[in-house]
Amino acid sequence: ELLSRPGFSADKTSTPNSVSVWHLAVTPGTPPTGVYNNLLKYIRPDEAIFCDQLDLIDQYADLRPDRASEIMAQLSATFVFLSSIAFLHPDRVPKTLELLAAALRLANFVEMRLKHGLACRRAIELSPQIQPMILTPAHGSLPSGHATEAFICSLVLSKLLNAANSVYGTALWRSQLMRLAARIAINRTIAGVHFPVDSVAGALLGLSLGNYFVSRCSSPANYTPWTFDGMKYPSKDDFDWNLLYDAAGDAQKEVPFPSPTYVKKGAPVSDSNIQSPVLAWLWKEAHDEWK
């Protein structure tokens, strides 16, 4: 049900190439009709930008002794770390964990198509001195899958907690969840398998898909499309999640600099049929666990 609406297209004719993600808006009828509207567009950075980021990866490597055990634990378990902030015991909130697992499946479904379509080289392919501390994954570098998955889980969980009017539904909890997501993303740079720009692209993807996921689960009858233009990314800049999300206002935002920005917000797209009854049921079950 969740994967029934996204569509994908790749533009390999231009330099750099880009990949777009679309949302299928369906009008009920016999037969139903549908039209694809823009959800996300990713434009690939050129190789010079990645090469400029190698110095940042080298500097982050100094943290490997401190983060090694954490990095190893996060190889296959990212959202488990959220339980250090919210009370996510499987005996207590099984439907919440099921909801987050669904969000993770959406993230993986989209991120892998972007990775393969953009085909960005890993750091190990650009310098023999990076020497990652873990095995470099076989697929492309941008966007970071760990960043995507950590940020979609943090956003969906914070939205759920806020909707349930629980003690967790404040800016303090939202901020702490985002800090944890950022730490997971940065750990992949420390390990030597991701550039900071990968984390920027992944965080944007996670936040965008998180809001889209919530729209499919709950009441908002619209979503906001976003564009990541890697060619406009300042090649020496590090990853900073605060540029992408306002925890106090619970809102995604365009990066204010440089001009024109590398993260662009589109006009909201309305779809009165975006909510899925199946996903709405799961959202309500998870919501009621936090009352």
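Which residues in α3 meet which residues in α6?

## Packing of α3 and α6

In this predicted model, R64, R67, E70 and I71 of α3 meet R183, N187, I190 and A191 of α6. By class, the residues of this contact comprise four charged, three nonpolar and one polar.

Two packed helices are described by the angle between their axes and the distance between the axes. Helix α3 covers residues 64-73 and helix α6 covers residues 171-191; the angle between them is about 120° and their axes are 10 Å apart. The crossing of α3 and α6 is left-handed.

## The five-stranded sheet

Five strands make up an open sheet with mixed pairing, in the order β1-β2-β3-β5-β8. Strands β1 (6-11) and β8 (263-265) are the edges, each pairing on one side only. From one strand to the next, the twist averages 25°.

Helix α4 packs on this sheet, where α4 touches β1, β2 and β3, and its direction makes about 140° with that of β2. Helix α7 (residues 196-217) lies across β1, β2, β3, β5 and β8, and runs at about 155° to β3.

## Strand pairing

Strands β1 and β2 run antiparallel and are joined by six bridges. F8 has V21 in β2 as its bridge partner.

On the β5 side, the sense is parallel: four bridges join β3 to β5 (residues 226-229). Here L40 stands opposite W226 in β5.

T27 lies in strand β2. T27 counts as partly exposed, at 43% relative accessibility. Apart from neighbours within four places in sequence, T27 is in contact with P32, T33 and N273. M112 is 85 residues from T27 along the chain, and the C-alpha atoms of the two are separated by 29 Å.

The loop between β2 and β3 contains P31. The peptide bond that joins T30 and P31 is cis, with omega about 0°.

T136 has a relative accessible area of 17%, so T136 is buried. When neighbours within four places in sequence are left aside, the contacts of T136 are R122, I124 and V193.

Q131 also has its place in the loop between α4 and α5. In contrast to T136, which is buried, Q131 is exposed, with a relative accessible area of 58%. The phi angle of Q131 is near 45°, a positive value in a residue other than glycine. P143 lies in this loop between α4 and α5 as well. A cis peptide bond joins L142 and P143, with omega about 0°.

## The loop between β6 and β7

D250 is found in the loop between β6 (245-246) and β7 (251-252). Phi of D250 is near 50°, which is a positive value in a residue other than glycine.

## Cysteines

How many disulfides does the structure hold? The structure holds zero disulfides. A disulfide is a covalent bond between the sulfur atoms of two cysteines. For C51, the closest cysteine sulfur is that of C120, and because the two sulfurs are 12 Å apart, they are too far for a bond. The cut-off for a disulfide is a pair of sulfur atoms within 2.5 Å. For C120, in turn, the closest cysteine sulfur is that of C51, again at 12 Å.

Terms used
Residues numbered from 1 in each chain as written. Predicted model: local features only at pLDDT ≥ 70, side-chain atom pairs only at ≥ 80, totals over all residues. Heavy atoms only, no water. Pairing = 2+ DSSP bridges. Helix = DSSP H or I, 4+ residues; strand = E, 2+ residues; numbered from the N terminus. Buried < 20%, exposed > 50% of the residue type's maximum accessible area, 1.4 Å probe, protein only. Contact = heavy atoms within 4.5 Å. Axes fitted to C-alpha atoms, helices over the stretch in contact; angles between N-to-C directions. Left-handed = near helix turned anticlockwise from the far one by under 90°. Nonpolar A, V, L, I, M, F, W, Y, C, P; charged D, E, K, R; others polar.
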